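This report describes selected features of a two-chain model. The sequence and coordinates are shown first, and the description follows.

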Amino acid sequence: MIRAQVLCCGGTGCTSSGSPKIQAAFQSEIEKQGLADEIKVVQTGCFGLCALGPVVIIYPDGTFYSKIKVEDVAEIVSEHLLKGRPVERLIYKEGAEIKTDENGEVHASLNDTTFYKSQHRLALRNCGVINPENIDEYIAMDGYRALGKALTEMTPDQVIETVLASGLRGRGGAGFPTGMKWKFASGNRGNVQKYVCCNADEGDPGAFMDRSVLEGDPHAVIEAMAIAGYAIGADQGYVYVRAEYPIAVKRLQIAIDQAKEYGLLGKNIFGTDFNFDLSIRLGAGAFVCGEETALMTSIEGKRGEPRPRPPFPAVKGLFEKPTILNNVETYANIPQIILNGAEWFSSIGTEKSKGTKVFALGGKIKNTGLVEVPMGTTLRHIIEEIGGGIPNGKKFKAAQTGGPSGGCIPASLIDTPIDYDNLLAIGSMMGSGGLIVMDEDNCMVDIARFFLDFTVDESCGKCTPCRVGTKRLLEILDKIISGNGEMEDLDRLEELSTYIKSASLCGLGQTAPNPVLSTLRYFRDEYIAHIVDKKCPAGVCKKLIRYEIDPEKCIGCGMCAKNCPASTIVRTDYVAAGHKLASMKIEQANCVKCGACMSSCKFKAISKG
Amino acid sequence: MKSLAELAEIRERMKNKVVLREGGNDMRVVVGMATCGIAAGARPVLNAFVEGVNREALGDKVTVTQTGCIGICQYEPVVEVFQAGKDKVTYVEMTAEKAEKVLQEHIKGGKVVEEYTITNAKKA
């Protein structure tokens, strides 16, 4: 009988911080202390708090340990697992009250921490709870019941009606109603070949919720795709996943094999005449292949380039057959909707955006990781409560959503309830849910340049507005951050952006200027500071900053010169009153603006301007 | 997988194995497992509860867990039973046999085994 379980996160984040070693250490220590019959070590998917990895949860009490080292394992086993005394110094307790009851017993459960307390985990419900490589654990959590229900109790049209009524919208970017997509592809069932595809080509810098679902709960995606196949009358599915996600690919393959073995994929599923098969197609990591038509072209074995729409995939998609393509997170919601009903799902969220959304929190924020909240949660709540706020007492400046296709939300709009339509209205977009937090040290012109640099690299080159237009935008931005900008450049940026948006072939080009437009809209004064004052207010753009030594404060110790990698700090003849040595001076011509002098000066004699 | 019944069968079989992670059971059996408790024989008591709960398929209602020293070392092994909305019951000087009786009468039957409680031990 197993009385306790040790859940070790096996997501990509924790794997890179050493969780496989921790898991092995638990296994051997538990055996060594003779507890192997009553304590089980389980590898799970991502818990969401990636910044604190490797993380371990011990059930039944739900104690959450973070930043575990191999040396800590023996102590946890002998103290916590044998004697029942959680090792307090290793418990993650942000926001959670450590309760000591009348017996001196320590309680600190993961669910009490501010990070988890206000989350609502639907798409991530099994991540960090089940072993993703064991189909039985998924089944124990009601897995494949939705597929059974759909096949035996519902007609394909009823399935589509349910998805439609739930209000579920695509979680990959544009937010198109999922049920509509399915409906468009549902005609002529049984007479034509159709396909169900899953977009797991997660390309936004900083977004990794799809990876987390595939790593932590792969069967949810498989089950949902089979349901989709039943709804539109398709017997073949493809998951397009980037080769950079090796753990996700491996677990998904294991899951597909197990589902086939159980007959949950294949012929005559649940004794009905419904057949469905699934295979994985690996992408090479081109951003454009996340665009639906480029993705399908890539599955066909051709170079991943978009094609004009219409015809839409629902009419002529993969191999020119009717196809539906949904994102991983979208699929992860489907089994829940079928099981609990459209009304249950549509009771969560806002009027036009139903359910929850997973955000990948990154940038200047304490709790880097994945959070899932109901639609309509304010940005303030996500950043200040769940995310734990900005580190080092800095001030929140803006949040970037939607990656290279999205835009910035300034501090003045921090109370905006986040859903598809609100984000569009303020010039950003939901995108796949990357949420990058920026503080006063981030330069908004530099941020716009960063995302544009990415799209210039990733533009596939097929259409001119995107290929040439984004390049020109980048050149203008480069001109501004190097101090050579003119006020007319701002008009040029806006004009060119408008052309690129309206004339590009696919979503990549149509959204590429968004980071420029939204920073221009909310942070125009920063652009003007770069152009008119030749200053970077945040002190980021190297060509516009200068380090200076105050000769009155400098005692001439020479630490700065010692630390200067460009050897460009020299001694002057000037000895300030009360000092013994002559002061130092930076020869600006060779300065690389690294700031090493400033951080090495103990007398605060060096300033940045 | 030819039928829903097969699926249900796997689900039932596996449920006990993952139910630990759902928490929120309304009854908690806590065994004192500090050095004093272990020395006094708390291990067999813990095992008896764990096996008993499993055998009686009470896994979704009862959590068995351990704790540190409660501070009444002379009464070890000590077992406490917590139940939502009820007073805590403290059993003392437990053995595997006594554990079985507590399991049957208190945990399953809802009737406190007065003779093993600390109130009675103090009187004696």
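## Architecture of chain B

In this predicted model, chain B contains five helices and four strands. Their order along the sequence is α-β-α-α-β-β-β-α-α. Chain B has 124 residues, of which 40% count as buried. When contacts in chain B between residues at least 6 apart in sequence are considered, 67% of them join residues at least 24 apart.

## Helix α3 of chain B and its surroundings

Helix α3 of chain B covers residues 42-55. The distance from its first C-alpha to its last is 20 Å for 14 residues, close to the 20 Å expected at 1.5 Å a residue. Just after α3(B), Ala57(B) adopts a positive phi of about 55 degrees.

The buried residues of α3(B) are Ala42(B), Val45(B), Leu46(B), Ala48(B), Phe49(B), Val50(B), Gly52(B) and Val53(B). An α-helix has 3.6 residues a turn, so residues three or four places apart point the same way. The buried residues of α3(B) pack against several elements of chain B: the strands β1 (27-32), β2 (62-67) and β3 (79-83), together with the helices α2 (35-39) and α4 (96-108).

## Packing of α3(B) on α4(B)

Two packed helices are described by the angle between their axes and the distance between the axes. For α3(B) and α4(B), the axes come within 8 Å and cross at roughly 35 degrees. The crossing of this pair, α3(B) and α4(B), is right-handed.

From α3(B), the contact is made by Pro44(B), Val45(B), Ala48(B), Phe49(B) and Gly52(B), while α4(B) contributes Ala96(B), Ala99(B), Glu100(B) and Leu103(B). By residue class, the contact of α3(B) with α4(B) comprises seven nonpolar residues, one polar and one charged.

## Asn54(B)

Asn54(B) also belongs to helix α3 of chain B. Is Asn54(B) buried or partly exposed? Asn54(B) counts as partly exposed because it has 15 C-beta neighbours inside 10 Å, and a residue needs 20 or more to be buried.

Leaving aside residues up to four places away in sequence, Asn54(B) touches Met1(A) and Gly59(B). Asn54(B) and Ile10(B) are 44 residues apart in sequence, and their C-alpha atoms are 17 Å apart in space.

## The interface between the chains

Contacts between the two chains involve 32 residues of chain A and 26 residues of chain B. On the side of chain A that touches chain B, α5 (135-140) and α6 (145-153) of chain A each supply at least two residues. The largest share of that side, four residues, comes from α5(A). The residues on the chain A side divide into 14 nonpolar, nine polar and nine charged.

## Domains of chain A

Chain A is divided into domain 1 (4-113), domain 2 (135-346), domain 3 (356-439), domain 4 (444-533) and domain 5 (546-608). Between the C-alpha centres of domain 2 of chain A and domain 5 of chain A the distance is 61 Å.

## Backbone features of chain A

Where in chain A does Tyr144(A) lie? Tyr144(A) is in the loop between α5 and α6 of chain A. Its phi is near 65 degrees, a positive value in a residue other than glycine. Tyr144(A) is classed as buried because 26 other C-beta atoms lie within 10 Å, where 20 or more are required. Lys534(A) likewise has a positive phi, near 55 degrees, and is a residue other than glycine. Lys534(A) is placed in the loop between α22 (524-533) and β16 (547-549) of chain A. Lys534(A) counts as partly exposed because it has 14 C-beta neighbours inside 10 Å.

Cis peptide bonds are found in another loop. One joins Arg309(A) and Pro310(A), with omega about -10 degrees. Pro310(A) sits in the loop between α12 (292-299) and β10 (323-327) of chain A. A cis peptide bond also joins Pro310(A) and Pro311(A), with omega about 0 degrees. Pro311(A) too is found in the loop between α12 and β10 of chain A.

Terms used:
Residues numbered from 1 in each chain as written. Chains lettered and ligands numbered in written order. Predicted model: local features only at pLDDT ≥ 70, side-chain atom pairs only at ≥ 80, totals over all residues. Contact = placed C-beta atoms within 7 Å. Nonpolar A, V, L, I, M, F, W, Y, C, P; charged D, E, K, R; others polar. Domains from an automatic or database assignment. Expected span 1.5 Å × (residues − 1). Buried ≥ 20, exposed ≤ 12 C-beta atoms within 10 Å, placed from the backbone. Axes fitted to C-alpha atoms, helices over the stretch in contact; angles between N-to-C directions. Left-handed = near helix turned anticlockwise from the far one by under 90°.
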